[in-house]
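Biologist: I have a model open and want to read it step by step. Can we go through it in short questions?

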Amino acid sequence: MVVVKEDMDRIKDDRGSLDLTRQIDDLKKQKEYLQRQCRKAGAAILKQEGRYVSLEKEYDKVCEERDNFERMLKNREDTEWLNI
């Protein structure tokens, strides 16, 4: 008796949920899926870190401009009494 490919496919499809080879296949698929999701999450984290650094720099610039503006206003107020 010779086992042909069709017989092997049928036997493989008839495996129950408790069959170890099926569990191994399912776990391999799950591992591959989780690896893809982790890579996507890692890429998203790197992208967010880049945005964070950019926003942090922009925030520092705005704070510096605010400080300069406040200094200018204070200097103006301090020198106004001299111009009276």
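Modeller: Start with a term: helices are DSSP runs of H or I with at least four residues, numbered from the N terminus. Keep in mind that this is a predicted model.

Biologist: In which helix is F69 placed?
Modeller: The protein has 2 helices and 0 strands. Numbering runs from the N terminus. F69 has its place in helix 2.

Biologist: Which residues make up the nonpolar surface patch?
Modeller: A patch residue needs over 30% relative accessible area. F69 passes that step, because its relative accessible area is 48% and it is partly exposed. The patch has about 300 Å² of accessible area together. Its members are F69, M72 and L73.

Biologist: Which residues form the negative surface patch?
Modeller: Take D60, in helix 2, which covers residues 20-80. Asp and Glu count as negative. The patch consists of E56, E58, D60, E64 and E65.

Biologist: What is the distance between the closest N and O atoms in the salt bridge of R66?
Modeller: Side chains of opposite charge can pair when their charged atoms come close. Here R66 pairs with D67, and the structure holds 1 salt bridge. The limit for a salt bridge is 4 Å. The closest N and O atoms of R66 and D67 are apart by 2.9 Å.

Biologist: Is D67 buried, partly exposed or exposed?
Modeller: Buried means under 20% relative accessible area, and exposed means over 50%. R66 has 43%, so R66 falls in between. D67 has 29%, so D67 too counts as partly exposed.

Biologist: Is C38 buried or exposed?
Modeller: The cut-off for exposed is over 50%. C38 has 56% relative accessibility, so C38 counts as exposed.

Biologist: And C63, buried or exposed?
Modeller: The cut-off for buried is under 20%. C63 has a relative accessible area of 16%, so C63 is buried.

Biologist: How many disulfides does the whole structure have?
Modeller: A disulfide is a covalent bond between the sulfur atoms of two cysteines. The cut-off for the sulfur pair is 2.5 Å. A search of the whole structure gives a count of 0.

Biologist: What share of the residues counts as buried?
Modeller: The accessible surface comes to about 8,300 Å². Carbon and sulfur atoms hold 58% of that surface. Of the 84 residues, the buried share is 2%.

Methods
Residues are numbered from 1 along each chain as its sequence is written. This is a predicted model: local features need pLDDT of at least 70, side-chain atom pairs count only at pLDDT 80 or more; totals for chains, interfaces and linings use all residues. Side-chain values use heavy atoms; hydrogens and water are left out. Patches are made of residues with over 30% relative accessible area and no salt bridge: like charges are joined within 9 Å, nonpolar side chains (Val, Leu, Ile, Met, Phe, Trp, Tyr) within 5 Å. Accessible areas come from the Shrake-Rupley method with a 1.4 Å probe; for residues, only the protein chains shown count as cover. A salt bridge is a side-chain nitrogen of Lys or Arg within 4 Å of a carboxyl oxygen of Asp or Glu. The place of a charge is taken as NZ of Lys, CZ of Arg, CG of Asp or CD of Glu. Buried means under 20% relative accessible area, exposed over 50%, partly exposed in between (1.4 Å probe, protein chains only).
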